[in-house]
Amino acid sequence: MTIIRYQAHLEFHKRRRLVLNEETLISTAGHKTLIKELILILPHPNPLFYQSKFRMSNQFIATTYEHNVNEIMNLFQLLKIMIIIRVALMLSTYFTSSAQRVCTMYAVKPGYLFVIKSLMKAHPFQVLFVALIWSIFIFAHALRICERPLFQEGDKIDFNHFKNAIWTVLVTMTTVGYGDFYARTDFGRIVSFFVCIWGVFVVSLMVVTLTNFLNMGVLETKAFSIIERLATRRDLRESAFHLVRHFLMMAARSKRKEKVSSDEISMLRRKINEFKSLNRQYKSMLDEATNISEEMTRHFEFLRDEIKNSVDKQNKIAEEALKLADRIDRIHRVLQEDMKNRSLNPHENFLTLPGHLQMSKSHLLLR
């Protein structure tokens, strides 16, 4: 079935004229991917190996253990999850024939990578959540297969329970590593290595996605700056009010020839410094608001130019469509006249066009 699918995919590309009709899987280098996929599919448990086992030793705990061949085959079978992921990507909206035509129009290579990027752009949290949940259960099952033969009576690290394997994968993916459960077999450590790599990848994507989600847009930044500016202006007014009041109180005491204390003078200096600080902050906010307004103006001008260019392109396409429709109509009328003339003269091979426009039907169809 895999070979048939690859052959059908090649025929699909031939019909879309993406490759030549003489191309084969070998000439298009499709056989390399086919061989890799066959390697993923071929390993599977076999009834003939039901009782087959091989012995391995662990030098850290000075013991030996046995692995069942079918269990190791089952471990390699987990690689088939790549086929399920590929089918899920092919069922996406971004892998349809119309999406591929759009990609071709804009010189974008349509493929699985484009679908993944599109899904991460449209639904980042959903994609990461599904990838995280699936990977936890898949790696937990693989770790349980690898570590279960090493369990002995009285051993605290028991991977016979699936929840212990899930817990180990969770603390390994997040690079916490409490040390209560860990891989001890060679195959288990190989699985743990891939768990670490995948965990760093997923956590990094989560951080980037959350950062992009919390970043403000242009309009949100504009609203935030206005709110902050209004709050700063209100604080500035209150500071000015307290400064003037304190200064007038000190002036009134001076007129009454009362002594002004050093604490009151220090308070006046603090209020003056506070007012100057708020004033500088308000001016910087005004400058920032001016920059944001200029950026928004440039953004809207860019959008206006894009809309204008799109309208011009649509008008040109409409003109071309009208010309093509008029040409098709003229050709249709000429063919009708030719059919009438052929009914009168069946041996005539040329269209009866007026003057120098007379041509053969094959030449007309080619044009």
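Good morning, colleagues. The structure is a predicted model, in which local features need pLDDT of at least 70 and side-chain atom pairs count only at pLDDT 80 or more, while totals for chains, interfaces and linings use all residues. Residues are numbered from 1 along each chain as its sequence is written, and side-chain values use heavy atoms, with hydrogens and water left out.

I begin with the whole chain. Its secondary structure comes to 12 helices and two strands. Here helices (H or I, at least four residues) and strands (E, at least two) are DSSP runs, numbered from the N terminus. Starting at that terminus, the order of elements is α-α-β-β-α-α-α-α-α-α-α-α-α-α. Of the 367 residues, 24% are buried. Buried means under 20% relative accessible area, exposed means over 50%, and partly exposed lies in between, with a 1.4 Å probe and protein chains only. The chain exposes about 26900 Å², and carbon and sulfur atoms supply 64% of that area; accessible areas come from the Shrake-Rupley method with a 1.4 Å probe, and for residues only the protein chains shown count as cover. Among contacts with a separation of 6 or more, 58% are between residues 24 or more positions apart, where contact means heavy atoms within 4.5 Å.

Helix α1 (residues 2-15) packs with helix α2 (residues 30-41) at an angle of about 155°, and their axes are 10 Å apart. Axes are lines fitted to C-alpha atoms, for helices over the stretch in contact, and angles run from 0 to 180 degrees between N-to-C directions. The two helices are therefore roughly antiparallel to each other. In this scheme, angles under 35 degrees count as roughly parallel, over 145 as roughly antiparallel, 65 to 115 as roughly perpendicular, and the rest as oblique. On the α1 side, T2, I3, R5 and Y6 meet G30, T33, L34, E37, L38 and I41 of α2. By class, this contact has five nonpolar, three polar and two charged residues. Ala, Val, Leu, Ile, Met, Phe, Trp, Tyr, Cys and Pro count as nonpolar, Asp, Glu, Lys and Arg as charged, and the others, Gly among them, as polar.

How do α8 and α9 pack? Their angle is about 55°, with axes 8 Å apart, and α8 and α9 are therefore oblique to each other. In α8, V169, T172 and M173 meet S192, V195, C196, W198, G199, V200 and V203 in α9. This contact has seven nonpolar, three polar and no charged residues.

Helix α8 also holds T168. Is T168 buried or exposed? T168 counts as buried, because its relative accessibility is 2%. Leaving aside residues up to four places away in sequence, T168 touches L143, F159, F181 and Y182.

Finally, two loop residues. A107 has a positive phi near 55° although it is not glycine, and A107 lies between α5 (97-105) and α6. At 74% relative accessibility, A107 counts as exposed. T175, also not a glycine, has a positive phi of about 55°. T175 is in the loop between α8 (162-173) and α9 (186-214), and counts as exposed at 56% relative accessibility. Thank you.
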